[in-house]
Amino acid sequence: MIDEIRFSITDCSLGYLLIARSTRGLCASLLGDDPNSLRLDLERRFPQAALREVQVTDDDLLQRAVALVESDGRDAGLPLDLQGTPFQLRVWQALREVGPGYTTTYAGIAARIGSPRAVRAVAQACAANPLAVAIPCHRVVCSNGELSGYRWGVERKRALLAREVAA
């Protein structure tokens, strides 16, 4: 359980970004169009934690998290505090192994984690991902190569992939 979470909401090239950290590392990176909706999402995810809003410039880890979202997707080595089921954690780790500029499929991730029949469960784990860009679920596409749903919107997914391919 997380006792205190420091968070900040800032503008970014993809809309608004809420970034949050515990003492162990980054625990949320949420994209959206409305700061209040992002704040409510954070409260829902961590109902027992004391939330403290800070300026992004007052916290090195939060600054680095913003830089990651604005970059070409190269892993910045940020410490993460992942809260999920064992299955979700396996999916999220597999996603972190897909390099910038590359894509995979839900079936590819399912196979990678040794559960080739768990394609729908992989999709659900992607939808539950609390760390946009740091856990790069935007790199998952349909088996025919088309862009599929993305928790934070297909246009954001398209922009992230284009940024990575251009780098």
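This is a predicted model: local features need pLDDT of at least 70, side-chain atom pairs count only at pLDDT 80 or more; totals for chains, interfaces and linings use all residues.
Residues are numbered from 1 along each chain as its sequence is written, and side-chain values use heavy atoms, with hydrogens and water left out.

**View 1. Strand S1 pairs with strands S2 and S4.** Helices (H or I, at least four residues) and strands (E, at least two) are DSSP runs numbered from the N terminus; two strands pair if DSSP finds at least two bridges between them. S1 (residues 4–12) and S4 (residues 50–53) run parallel and share four bridges, with Ile5 opposite Leu51 of S4. S1 and S2 are antiparallel and are joined by seven bridges. Ile9 lies opposite Leu18 of S2, and two residues separate S1 from S2 in their hairpin.

**View 2. Strands S2 and S3 form a hairpin.** S2 (residues 15–21) pairs with S3 in the antiparallel sense through six bridges, and Ala20 faces Ala28 of S3. Four residues lie between the two strands, and Gly25 in this hairpin adopts a positive phi near 155°. Seven of the seven residues of S3 (residues 26–32) are buried, so this strand is largely enclosed by the rest of the structure. Here buried denotes under 20% relative accessible area, exposed over 50%, and partly exposed in between (1.4 Å probe, protein chains only).

**View 3. Helix H6 lines up its buried residues on one face.** H6 (residues 154–166) has 13 residues, which at 1.5 Å a residue should span 18 Å; the end C-alpha atoms are 18 Å apart, in agreement. The expected span is 1.5 Å times one less than the number of residues. Arg156, Lys157, Leu160, Leu161 and Glu164 of H6 are buried. Viewed down the axis, the buried residues of H6 fall within an arc of 130°, so they line one face of the helix; the arc is that of the directions from the helix axis to the C-beta atoms. The face turned away from this buried side bears the exposed residues Glu155, Val165 and Ala166. The cover over the buried residues of H6 includes S2, S3, helix H2 (60–70) and strand S6 (140–141), contact being heavy atoms within 4.5 Å.

**View 4. The structure contains zero disulfides.** A disulfide is a pair of cysteine sulfur atoms within 2.5 Å. Cys12 is in no disulfide, and the nearest cysteine sulfur, that of Cys137, is 15 Å away. Cys12 counts as buried at 14% relative accessibility.
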